[in-house]
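Please keep the sequence and the structure in view while reading.

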Amino acid sequence: MIISALKSTDTSDQRSPIHSETISSLISLEAEIFFEDGIGEGIFTSNEIFQEKGLRVASRIDCIAKSDLLISNQPLGVEEIKLMKSGSTLLGMVNPFSNQDLINCCAQNNINLVSMEFIPRITRAQKMDVLSSQANLAGYAAVIESAKYLSTALPMMMTAAGTLKPARVFVIGVGVAGLQAIATAKRLGARVEAFDTRDVVEEQVNSLGAKFVKIDLGETGQTDQGYANELTDEQIQKQKDLQSEVCARSDIVITTAQLFGRPAPQLIDQKTIEKMKPGSIIFDMAVESGGNVEGSKVDEVVIKNGVKIVGVSNLASRVAGHASLALSNNFNHWICDFYNKESSSINFDFDDEIVKSSVLVFDGKIVNERFQ
Ligand code: NAD
């Protein structure tokens, strides 16, 4: 079997789907492994490092055209899908909810498609969970990036010139990214408050030494996979009104609220921004999926009434070395768990919950009913 790893075509994504520290598990498959020329540039790893470990360099076109299994951390365009071998497999992050064309094209061209976004939330699959591994690093990066825009320090400082108060950070949405943002802001000495519609997270917030903001929105809850249920328009309005006081007293507000498969809810509007202090920061971590903040823009700092609204694409890429290490481990675990060495092929066992959930297209058919 020929396995190839592709470089990202998106310049804001510096991550690599292979990492020199995790190559040995791919090598153990005894497959022929190629990588796209320059794949490690964003993580300061030269072609030679991968070659020394037994991998072979090839052009993008060659990787695409001759592989049985292609690994990529960005979706491929339909023209590239058409170059793939019939019966081969594309595995990676494919942004499925905005890529129906890619899914259809895979079915028409008999390309099996594995979407790592659809790894189920079961204990056995945690090692493959790209959304968690990348969200965790993004939560860390959000605090570091926000701190750069603030004109004050995060920790309290007792100096001969007087006492400097700690910054106040408010985290909205306490999933994987939010928890890491809370932990990072706490480590840096800020006073941290947080809110989530899933009240089960209150204990987690408290255990990190932060304060859970109680806002009664009536019936909220979560799905069996742990994702938040969508709120009604009235609930969203109530949330906006009640949390605006917390935003007004915060130096940094980090929004992480997402809804799986749907646009992110808008939680901070112009009215709230007007209440905030000039010089404070709103970091919109949902900017790429619709945005939690009115007026936030991808890869821009929008200033409204002196409040800086920051949106950064591919946030985990700000710590590309660790993001690549985690990502390549996630990919390798999927491949190694389902690779059959004797037949040199992938064992698409649809009785396995991980295969059933993550494979969107198999044998020329769309097998996930959401995309049929
Ligand atoms: P996510 O990225 O879908 O959303 C981020 C957070 O935003 C969630 O906590 C969500 O509740 C919150 N949110 C949505 N609407 C909101 C609103 N109006 N106001 C405030 N917050 C709002 O979520 P996620 O990071 O994927 O995590 C969701 C849960 O799943 C977490 O409890 C996480 O620990 C759990 N999880 C479990 C596994 C597993 O069991 N293998 C793996 C990953 C995550």
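Q: In what order do the strands of the open sheet of 8 strands lie?

A: Strands of a sheet pair through backbone hydrogen bonds, either parallel or antiparallel. Here the open sheet of 8 strands has the order 3-2-1-4-5-6-18-19, with mixed pairing. Strand 3 (56-58) and strand 19 (365-366) stand at the edges with a single partner strand each, so one side of each is left without a neighbour in the sheet. Helices (H or I, at least four residues) and strands (E, at least two) are DSSP runs numbered from the N terminus, and two strands pair if DSSP finds at least two bridges between them. Before we go on, note that this is a predicted model, in which local features need pLDDT of at least 70 and side-chain atom pairs count only at pLDDT 80 or more, while totals for chains, interfaces and linings use all residues. Residues are numbered from 1 along each chain as its sequence is written, and side-chain values use heavy atoms, with hydrogens and water left out.

Q: How many bridges join strand 5 to strand 6?

A: Strand 5 (residues 89-92) and strand 6 (residues 112-115) run parallel and are joined by 4 bridges; within this pairing, Leu-91 stands opposite Val-114 in strand 6.

Q: In which sense do strand 9 and strand 10 pair, and what does the chain cross through from strand 9 to strand 10?

A: Strand 9 (residues 168-172) pairs with strand 10 in the parallel sense over 5 bridges, and Ile-172 has Phe-195 of strand 10 as its bridge partner. The chain crosses from strand 9 through helix 7 (residues 176-187) to strand 10, and this β-α-β crossover is right-handed, a term that applies if, with the strands pointing away from the viewer, the path from the first strand over the helix to the second runs clockwise. Strand 10 is also joined by 2 bridges to strand 11 (residues 211-212), again running parallel, and the crossover between these two, through helix 8 (residues 202-207), is right-handed as well.

Q: Is strand 10 mostly covered or uncovered?

A: Buried means under 20% relative accessible area, exposed means over 50%, and partly exposed lies in between (1.4 Å probe, protein chains only). Strand 10 (residues 191-195) is mostly covered, with 4 of its 5 residues buried, and for the chain, buried residues make up 52% of the 372 residues.

Q: What span should helix 11 have?

A: The expected span of a helix is 1.5 Å times one less than its number of residues. For the 19 residues of helix 11 (residues 320-338) this gives 27 Å, and the end C-alpha atoms are 27 Å apart, which agrees. The buried residues of helix 11 include Leu-327, Phe-331 and Trp-334.

Q: How many aromatic pairs does the count come to?

A: A pair of aromatic rings is described by the distance of the centres and the angle of the planes. Rings of Phe, Tyr and Trp (its six-membered ring) pair if their centres lie within 6.5 Å, and planes under 30 degrees apart count as stacked, over 60 as edge-to-face and the rest as tilted. By this rule the count comes to 12 aromatic pairs. Trp-334 and Phe-348 have ring centres 6.4 Å apart and planes at 55°, so the pair is tilted. Trp-334 and Phe-348 are both buried. Phe-348 also forms a tilted pair with Phe-362, at 4.8 Å centre to centre and 45° between the planes. Phe-362, at 25% relative accessibility, counts as partly exposed.
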